[in-house]
Amino acid sequence: MTPSPSPPTIGVLALQGAFREHKRLLQTLGAQVSEVRLPQQLEGLSGLILPGGESTTIGNLMVEYGLIQAIRDFHASGGAIFGTCAGMILLARTIHGTPPQFGVQPCLDLMDITVQRNAFGRQVDSFRTSLDVSGFETPFPAVFIRAPIIEAVLPGIEVLAEHQGQIVLARSGNLLAGSFHPELTGDARIHELFLSMSRRPEQAH
Amino acid sequence: MLPGMTNHSTQQGTPEIKFGFAEMFKGGVIMDVVTPEHARIAEAAGATAVMALERVPADIRKDGGVARMSDPSMIKEIIAAVTIPVMAKVRIGHFVEAQILQALGVDFIDESEVLTPADESYHIEKSKFNVPFVCGAKNLGEALRRVGEGASMIRTKGEAGTGNVVEAVRHARTILGEMRSIQARPAEELMSVARDLGAPYHLVQYVHAHGTLPVVNFAAGGVATPADAALMMQLGLDGVFVGSGIFKSGGGDLSQIEKRARAIVKAVTHFNNPDILAEVSENLGLPMTGINIDSLIPEERLASRGW
């Protein structure tokens, strides 16, 4: 019998937003979790979660504290990244719906997806539904809060869930992006998926 | 429908959706703005939301008279100017102003003591609205009554428009201290605690079990500097509202104002890092002048509004 692999260490970007909820859910799964506010705090992590919040706020703070390049380097060296809602916007190559006065919104430019911000409207249009997620046996409860969608994907992106014909969960290698908030509904399956994506090859056996 | 597929019905305006939205503001700064230009400055500086109003509290205080919900055309201009959420204020108990703001597409409503109350006995029944509400509180009983009525976010009242953080600190320490003492009480005492606080029993049980409010808890009412904002975060609050403290600073110079706004955003993120706090506090120009609370006669205290 082989010993079970030690749980990966996951960072949660804690510049602004719902980082505590991700932290709590990951801890219930046995992961080591730390908060990331500065580049040096990425050291030793296998995965990083970019939480929901305001993408403009988080993007500005990432630029101010040198996190854009640091997170790109983290990914280049094999680190897995999961972006939810605002975090998904930050992962994208192209963002639609940025205020014109912003010019180009700061983002990581890592995943071959185009996102549309606030795609469902304002807060009164926010909703909960259940999604069929590829690979899950039962539907996943999903809360969409002023949520973005993935408007377009390049080849190589695996679409994991759609809502009314629009892409809301996708994967590419060890990058995962979702429109909704799995940290708010208590169902840990998407976080389990991310933990399995975060295990480095040398930890896999 | 294909066999094996479930009925994917959707729901809106549930407590989960409203509370969840409030969670997204955590670790952030919500800024009062009176024009679309201010709103764009706030967004560029990193605000997580703006509060659209006609006059900041410092001016409401100075001008006197009845302070009401803002003109819808002004709120619509601010909604059009930014992509971050837009909040707006209604008078305590004025549920028709709330219906109007919901119809305008405002993302969050502040039932606020900063405006002149419309009802001296009752607050709005907030749970029946799809739009979430934030309400002020000076103590735990008040906070839990507002949550019982359906508020999705609580903020300290502080003393708005003074630039003086002392009342916000008092209210934060009161609420957090009352929660710590409830956690230490045995379960059989909770009904009497609920009676004494004038708070719903099930919410007192929640506080006993978790040591926190069931909703996010922000600081408001007198925050004027990055250090003030970090103080409120270190005390244990989830984020900060800044009203007059930004757009009444720097003698009205917009570049100074934007610098202060950015500094307060950074201070809330790095609230536990004194090196960064020192760096962002440098050369911010004049803060708002501020008012000593002891010089306010009781009728001028906005925090005493609310029941």
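In what order do the eight strands of the open sheet in chain B run? The order is 8-7-6-5-4-3-2-9, and the pairing is parallel. Strand 8 (216–218) and strand 9 (240–242) of chain B stand at the edges. Each has a single partner strand, so one side of each is left without a neighbour in the sheet. Neighbouring strands of this sheet are turned against each other by 30° on average, direction ignored. Within the sheet, strand 3 of chain B pairs with strand 4 (residues 86–91) of chain B in the parallel sense. Three bridges join these two strands. B:Val50 stands opposite B:Val86, a residue of strand 4 of chain B.

The model is predicted. It scores ipTM 0.92 and pTM 0.94. For chain B the mean pLDDT is 93, and 97% of the residues reach 70 or more. Residues 1–6 of chain B stay under 50 in pLDDT. For this stretch the model has five contacts beyond four places in sequence. Where pLDDT is low, the predicted coordinates should not be read in detail.

Helix 2 of chain B spans residues 36–45. Seven of its 10 residues are buried, so the helix is largely enclosed by the rest of the structure. The buried residues are B:Pro36, B:His38, B:Ala39, B:Ile41, B:Ala42, B:Glu43 and B:Ala45. Just after helix 2 of chain B comes B:Gly46, with a positive phi of about 105°.

The largest pocket has a volume of about 770 Å³. It is lined by 38 residues. Closest to its centre are A:Arg20, A:Glu21, A:Arg24, B:Lys26 and B:Asp238. Several elements give two or more residues to the lining. Chain A supplies helix 1 (19–28). Chain B supplies helix 1 (15–23), helix 7 (166–183), strand 8 and helix 12. Helix 1 of chain A gives the most, with five residues.

How values were computed
Residues numbered from 1 in each chain as written. Chains lettered and ligands numbered in written order. Predicted model: local features only at pLDDT ≥ 70, side-chain atom pairs only at ≥ 80, totals over all residues. Heavy atoms only, no water. pLDDT = per-residue confidence, 0-100. Contact = heavy atoms within 4.5 Å. Buried < 20%, exposed > 50% of the residue type's maximum accessible area, 1.4 Å probe, protein only. Helix = DSSP H or I, 4+ residues; strand = E, 2+ residues; numbered from the N terminus. Pairing = 2+ DSSP bridges. Axes fitted to C-alpha atoms, helices over the stretch in contact; angles between N-to-C directions. 1 Å grid on protein atoms, 1.4 Å probe; cavity = no way out; pocket = protein on both sides within 12 Å on 5 of 7 lines; lining within 4 Å. Points joined across faces, edges and corners; volume = space filled by probe spheres on them.
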